Amino acid sequence: MVEPPAPSADGRPARRRPAAERGASVSEVTVKSPPTLFHAGESFRLERLPVGSRVVHAPPPLKGLGDLDAAIDRALDEPLGADPLDARLRAGMRLTIAFDDLSVPLPPMRAPDVRGRIVERVLERAYRAGVDDIHLIAALALHRRMTPAELRHALGPAVFDAFGPDELYNHDAEDPDGNVVIGETDHGEPVTLNRRAAESDLLVYVHLVTAPLQGGPKSAAIGLGTYRSISAHHTTHTLRHSRSFMDPDHSELHHSSGRQGELIERAVPVFHLEATLNDAMYAEPLRFLGKPEHLWTPREQVVFAGVKRAVDRMPVRARRTAFSRMSAPYAVTSVTGGAVDAAHAVALERLAEQQAVRVEGQSDVVTAGLPYIGPYNVNSILNPILVMCLGLGYFFNLYQGRPLVREGGALIFTHPVPRDFHPVHHPSYIDFYEEVLAETTDPAELERRFERDYAEDEWYRHLYRTSHAYHGVHPFYMWYWGAHALEHVGEVIFVGGDREACRRMGFRRADTMLDALEMAEQVVGRDPSITHFGCPPLFYCEVE
Amino acid sequence: MLALEYTPSVARHAAARVSRRAGEGGLTLRRMAPPRPPNADWLAVRPRLSGICGSDQALFSGSASPYLGTLTSTPFVPGHEIVGEIAGGERRGERVVVEPALSCVVRGAEPECTECAEGLTALCRNTVEGEVSAGLQIGYCRDTGGGWSEGLVAHHSQLHAVPAELSDEDAVLVEPLACALNAARAAAPSPGEAVGVIGAGTIGLLCVAALRELAPDAVVLCTAKHPAQAHAARRLGADHTCAPEQLPVEAARLTGARRLVGHLGRELLLGGLDRVLDCVGSGDSLEAAVTVTRPRGTVVLVGMPGQVRADLSLAWQRELELRGAYGYRGDFPAAIDLAGRLGTGRLVADGWHLSDHSRALAEAPRAARSGQVRTVFDLRTE
Amino acid sequence: MRSGRLLERLAGPPRDGGTGGSARSPARWRTRRGGPDPWSAAAEVADQPWLRGRRASLAREGLQQSLLFPLTRVVTSPKVSGADDLLHAPQPAVIAPNHSSDVDTPLVLWALPRVWRMRTVVGAASDRFYASRRTALMASLWINTFPFDRGSEGRGLAAAAEHLRGGSNVLIYPQATRTSGLGGLRGGVGRLCVATGTPAVPVHVSGTGLLMPKGRGVTRRGRTEVRFGPAVEPLAGEEPQEFTERVGAAIGALAGAAGRR
């Protein structure tokens, strides 16, 4: 059961969350309802869902902070449960600033990125205190290294120019000399950390919390960790018992990585900064895509039709370029600093205000349109394994309480699932698709039989360290990400999906939504209850 | 030996003035014989890096003052921010920075003039006498050669050894840093006073660093046109940065002065900053400096003003002290030490080859917008 | 929204076949939802900073001088006092008039000296003036507004503080809404001035409440008067509430002076 928002820990009254209130963002399909928008990769579909289906919409974007710089200063000067940043800076110290990589936010934030704004304010304080030894590290765990252009976007040209490649760089989880062992938790999970961070007098960690999954104590353990420490909890077992990993209190993943994080807090002084964004994912003239369809004005309908027809006629490559150019006009809704738990609690509260939507009861069938972008294909291609991860890992897990789809129910996604891989970014995915998935799609089995070979492959390691490739083990983690969903649901159907790719991954496909619904009926019974999960913009359901 | 030689021409000067374009009028790349040391006290120096100073750019854009033209001997090889190595003799191979002033001692002029006797070598009166031709400093003198070449000669008293831990990039800014130390000393802020630095080019940024060094308790406000410059200024010790048009607002906020906006939108402060260093040297910057300085405050002219239009009535009404800061006074050892601590090399952009001089000169004003404000010629062979 | 068929007809079928079904499209869309519509409250338009740029300012000056101000003067036949002394008041400042009518804003703007007007932004209630794109653009263009969020989170004051920091004067009404009489001062102006250390210029506008009362258009022409007082500066250690009261007293004193005439 999900409780109504209780007063927060420090006694401040909880804010109202209008969008989360019962039924506010849920509408029912009637004969007079507009068609429902489905994202489908780099395109859109309009589908008529059966009368009586529920549609869960994303809540409207909250207003941003009136004065961001003042809010950042407040986070630095009046942190929660910690001393002000100025008091912790002194001349001659070693300061390391870690920041989240390009997997957040999605799509990338329109310049100036809030990370850069925050880092700039932190640097200002550091300069004033006479700190000279400063390193900036992109905490990217096993993700691909960010390109100079991406770093420049994340931190702003001024910071990027001021810190050369020697002082501003990507974390390297496979550098034998660049990481140190911190210890082992009481559950036996090894903890490793980037050496520079471990040997710093202060680690400032700049988080961007765009989903309940992110931020908090787990970040340093994962973002600046190595395969050794990450593999302790990125397992089929842990992820099957994270229900969901979007609900930190009920997530085995968070418990385990949180234990690691505690150990790091004890070894290195950390100052956490957490920023939350609103849901303004679409810039004008496409802002209406974030609104429920019945609110689209005639002008917006014409724009939509034009855009849809245009992208449908574009070649794949041009479509991808056009979509990856999009950046979001997010507004920052909060910046909080201080001790990890206190700051994270406030960030989650502000996130819930934007993203939490209360939904009554589960459904037999849940439909959703998968967009062109996931956390692991910024400026890249959403390959079949990432499609699986986006649908079954992220979309399925965007719940607190119980999953939106009942146990044994059916999930229907719209996505073309193209058999297309980015050769630079996702080299190990290609082999995973060809070798591993050809043998088995069972997460536990492929974990047992194949994970170690991929994780320790010299060639993948070389590409991860020197090129811009995801770590060799990354496709496995993507598959584990969906392990809970694979166990929970009875059927997964991709409308418009590639025949071969869907078959390889063990899913079914259909040409039309009507076909898909009929196929689902064979699994869940006649006249199923249907809920459409209207993400993106990103939100999560509190299912009662 | 390759060198860029400057030959002045009245026609070109006029054309450059009219077109108001940064050009390279009168500059030619050619092979020439290396300059000959006038006597045994002089050593041949092979430059490694050589900076492009704002006053050099003024030479080609036609905004240089004809007065200063008198104190040069043409044709000459420009370049006076030099780090090089000694090319012959016992000290061969030693890395040095060149203190470019051609003072009495260097020229062998007897007796020493009043300024030189005081150590103000840059203000020497005998810059037209002695064993080398007229010229304020190396880089404006026909006989010594200059930094924009593969060889020059310098008096042994002009050479300061560069410690091994200082990189060439750090060392090439020692000369402007010495000037900045001199300017900061001219401003002489007392503890707690508010100091404004107008302009965040090389000299502005180095003035910020010098102020931080000499007056750690002063409050420094620096104006910067571009974000990267503002960031660099903060890194070097500015307490506050703002856009140039925000200067009166920020200065009023910092000092608690009243800001009035009068007829025709003229802004002035009642009260204001205690010291202001104008590191731009334009009419606008001078006027801004005068309007934000408190009565009987000091305005230091650090950037070369040349011919400007500025309303200076407030300087008159407030009895401001307007003083120049051009050279240095025994500042090189301190500057070498400070350059090492600051890591001034961060401010130096990638070097250009002499043959790319036109692109280097065109690029120099643009580079100033990034955090790497100083454009240099790279003459290293390895 | 009016035509549900339009969207499907224009957008065409999905790329690889699918439900066309336009025959079943209703002529008008309706929805049934379980709770209050969260979108109705969230329809506010964002700030339009481009309308504060140099060109837009010139256009505004032209529009004001040619249309807005002549019209205002015809309706209000105003008399101004104290404007000349504003030359000696420090900027940036908060301009704080009493508020009884919509015509107050153009009237005060007209009465301000040009060097003040060109540097003044007007805090406009975001729930009223920024409810639709058209009113937001109109307000920004004609009277140089920024959205002032009157919510409890102080977002409006934060935005105003940012304008003050940038050197602009900010016109906000301490009464927060149109009120008859001089009472009902809210604490916002006090908090803003004390926090940013900016002075407030008290302004008294009289007579406008009769010409254009709240909720109605211009009812008749009449005489009005705008009086500017000397700037009230926050003292060291002053509480926002005390400062607000002093500003209120200053406006009251101006009203008294007007009454004596």
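Which residue follows H13(B), and is its phi positive or negative? Select the end of that helix and you will find B:Gly343, whose phi is positive, near 70°. Helices (H or I, at least four residues) and strands (E, at least two) are DSSP runs, numbered from the N terminus.

Before going on, note that this is a predicted model, in which local features need pLDDT of at least 70 and side-chain atom pairs count only at pLDDT 80 or more, while totals for chains, interfaces and linings use all residues. Residues are numbered from 1 along each chain as its sequence is written, and chains are lettered from A, with ligands numbered from 1, in the order in which they are written.

**Stop 1**

Next select helix H10 (residues 247-255) of chain B, which is mostly covered, since eight of its nine residues are buried. Among them are B:Leu247, B:Pro248 and B:Val249, and also the charged residues B:Glu250 and B:Arg253. After H10(B) comes B:Gly256, which has a positive phi, near 70°.

**Stop 2: an exposed arginine**

Select B:Arg36, which is found in the loop between strand E2 (27-31) and strand E3 (42-51) of chain B. B:Arg36 is exposed, because 10 other C-beta atoms lie within 10 Å.

**Stop 3: the nonpolar cores**

A nonpolar core is a set of buried Ala, Val, Leu, Ile, Met, Phe, Trp, Tyr and Cys residues joined through C-beta atoms within 7 Å. In the largest one, of 303 residues, B:Leu177, B:Ala180, B:Ala183, B:Cys207 and B:Val208 touch the most other members. The element that gives the most to this core is helix H14 (residues 384-397) of chain A, with 10 residues. Apart from it lies another core, of 52 residues, among them C:Tyr130, C:Ile143, C:Tyr173 and C:Leu211.

Centre the view on B:Ala183 and, leaving aside its neighbours within four places in sequence, look for its contacts, which are B:Cys207, B:Ala210, B:Leu277, B:Val300, B:Val302 and B:Ala325. Two residues are in contact if their C-beta atoms, placed from the backbone, lie within 7 Å.

**Stop 4: the domains of chain B**

Colour domain 1 (2-172 + 348-378) and domain 2 (175-324) of chain B separately; such bounds come from an automatic or database domain assignment. Their C-alpha centres lie 28 Å apart, and 16 residues of domain 1 of chain B are in contact with 15 residues of domain 2 of chain B. On the domain 1 side, the largest share, three residues, comes from helix H2 (residues 54-61) of chain B.

**Stop 5**

Chain A averages a pLDDT of 91, with 96% of the residues scoring at least 70, where pLDDT is the predictor's confidence in each residue, from 0 to 100. Residues 1-12 of chain A, however, stay under 50.

Select the eight strands that form an open sheet with mixed pairing, in the order E18(A)-E17(A)-E16(A)-E14(A)-E19(A)-E4(A)-E1(A)-E1(C). Strand E18 (508-510) of chain A and strand E1 (32-33) of chain C stand at the edges, each with a single partner strand, so one side of each is left without a neighbour in the sheet. Within the sheet, strand E14 (residues 363-369) and strand E19 (residues 530-534) of chain A pair in the parallel sense over three bridges, where strands pair if DSSP finds at least two bridges between them. A:Val366 stands opposite A:Thr531 in E19(A).

**Stop 6: chain C**

Finish with chain C, whose secondary structure comes to 11 helices and eight strands, and of whose 261 residues 43% count as buried. Eight residues of chain C are in contact with eight residues of chain B.

Technical notes
Buried ≥ 20, exposed ≤ 12 C-beta atoms within 10 Å, placed from the backbone.
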